[in-house]
Amino acid sequence: MSAERNRDWWKKAVIYQIYPRSFQDSNGDGIGDLKGIIRRLSYLEELGIDAVWLSPVYQSPQDDNGYDISDYQDIDPIFGTLEDMEDLIQEAEKHHIKIIMDLVLNHSSDEHRWFKEAKKSRENPYHDYYIWRDGEEGTPPNDLRGCFGGSAWEWVPQVKQYYFHQFSVKQPDLNWENEKVRQEIYQMINWWMEKGVGGFRLDVIDKIAKEPDRMITDNGPRLHEFIQEMSRETFQKAALITVGEAWGATPEIARRYSNPDGSEFSMVFQFEHIELDQQQGKEKWDLAPLPFLKLKQVLARWQKELYQKGWNSLFWDNHDLPRIVSRWGNDKTYREESAKMLAVLLHGMQGTPYIYQGEELGMTNARYSIEEYRDIETLNMYRERREKGYKESDIMASVYAKSRDNARTPMQWDSTENAGFTEGVPWIKVNPNYVKLNAEQQMQDADSVFACYQTLIRLRKKYEVFTDGTFALLLEDDHDFFAYARENQNEKMIVVCNFYEKMADCQYKEDWEHMELLYDNYHMEKQDHRYRPYEARIYYRKKR
Ligand code: NOJ
């Protein structure tokens, strides 16, 4: 069956996320662009991925790097033109790669023509496209705060009202209660579908059905009604992959989003595992060690609860998160080993894996002085915490650990100046470790992190058990190993990962002699129960 005709093609797919600004510059302005991506399609094909999720390239004042859209049906000149976008879709197809666009539907830019109209007067037909409340200047309707700090309400003197914004003041929230807004959005989505895009990632989709008067921002009462309507009017007409970003999803909610009846999305990004290394009830900047047993429990629960009732996305990294090898691996002595271990651990599970640009090389977090950071969230937090009297060194420790810019440093292509990313001055500094850590070097090394990702992608396509096997967590209370078994009627697979630097003996008993070793990041010939630092193995057996 051709991929197109197979409605659930994305269950076997591996997706690669591109953050266009930082991927490949083609015109020397220091910002990555669409022509740059086209130049790198053969690299992506060689890696073996099926689709690319592009962070937003629409027209935007770039207050939040494109997540503030001023025209959903045009491309920002820093990235190219609409024609370049059409070329990218077509060229990618030649490399068997689909393009997934990022839809930011919770808010627009304040420079979108809808908002420019909306703030002219209360009678303007676009006024009700956004969320307004009466009040007195200086006294916002309530205490809701934006995700980037500060009040979620902004005063507009012209209409003597506050508008609601869950992100920056330049990202006013759209009013999904207004049917006209919804219809405009659906038309726009259909327009992109006609251009041949392979799917959509839906930015903070769990926030669209807000009810700010009741302090409801996420998972509002009409959320699933809106999503089902959108899905009916758009995505369901084609075999698209759709993935909603849903920070507030529990497995129960995710089963609704990813219901196999196709009434909502293919899957969501769920973040329970991602939020484990922060102090409970506090912000992501308030660091805490990773509770390893909890990580196992959480991932196992999602595997079990969505089995045949929904579908998981599998990811460690994205443009909002620090680099996994620096976060839960070891980016010094065992960078390669731990990057591979984390890859094996994730890619052996059920779901659709997402690789964030550079993760396939084991790219690491950066450590710059505060002037070199560009991210609005990081800079706002730095300012706020300074004002509150936090110690500079504590603030910087949080920045090094969690800043979104860790993921946004330019892609490391080769060892030439600026890592081959640009011939100009990069918009954000390149991580100096590019001299040794780059794609060119890894593509010549059969034992590189890149090669490990290639192998994992190949294995997923070859063995059904990766896609349809049950999941059972092994060694639940073990403090060194993350191990699990996957099984279908014909095959059994066991993944065993030593999660730490210390050598450790694996206590799990299995008839290893009768299992084939599909992958081992140490390429050991003789297998024993002793696992080296960050060693990861995949065992496999055909049952009949
Ligand atoms: C989530 C996106 O991933 C992030 O980068 C952005 O800042 C917010 N949504 C607001 O759109």
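In what follows, a residue counts as buried under 20% relative accessible area, exposed over 50%, and partly exposed in between, worked out with a 1.4 Å probe and the protein chains only. This is a predicted model, where local features need pLDDT of at least 70, side-chain atom pairs count only at pLDDT 80 or more, and totals for chains, interfaces and linings use all residues. Residues are numbered from 1 along each chain as its sequence is written, and side-chain values use heavy atoms, with hydrogens and water left out.

Helices (H or I, at least four residues) and strands (E, at least two) are DSSP runs, numbered from the N terminus. Y390 sits in the loop that links α11 (376-387) to α12 (392-402). With a relative accessible area of 37%, Y390 is partly exposed. From Y390 to R232 you count 158 residues in sequence, and their C-alpha atoms are 49 Å apart in space.

H96 is another loop residue, placed between α3 (82-94) and β5 (98-103). Its relative accessibility is 60%, so H96 counts as exposed. H96 and K282 are 186 residues apart along the chain, with 43 Å between their C-alpha atoms.

R408 belongs to helix α13 (residues 405-408), and at 1% relative accessibility it counts as buried. The R408 side chain makes a polar contact of 3.3 Å with that of Y19. A polar contact here is a pair of N or O atoms within 3.5 Å; within protein, one must be able to donate a hydrogen and the other to accept it, and residues adjacent in sequence count only if both atoms are side-chain atoms.

Now for the ligand. It has 13 residues around it, and D64, D203, H319, D320 and R404 come nearest; to be near, a residue needs a heavy atom within 4 Å. By class, that shell holds 4 nonpolar, 2 polar and 7 charged residues. Nonpolar covers Ala, Val, Leu, Ile, Met, Phe, Trp, Tyr, Cys and Pro, charged covers Asp, Glu, Lys and Arg, and the others, Gly among them, are polar.

| Residue | Ligand atom | Distance |
|---|---|---|
| D64 | oxygen | 2.5 Å |
| H107 | oxygen | 3.0 Å |
| R201 | oxygen | 3.1 Å |

Taken alone, the ligand exposes 300 Å², and the protein buries 97% of that, with areas from the Shrake-Rupley method and a 1.4 Å probe.
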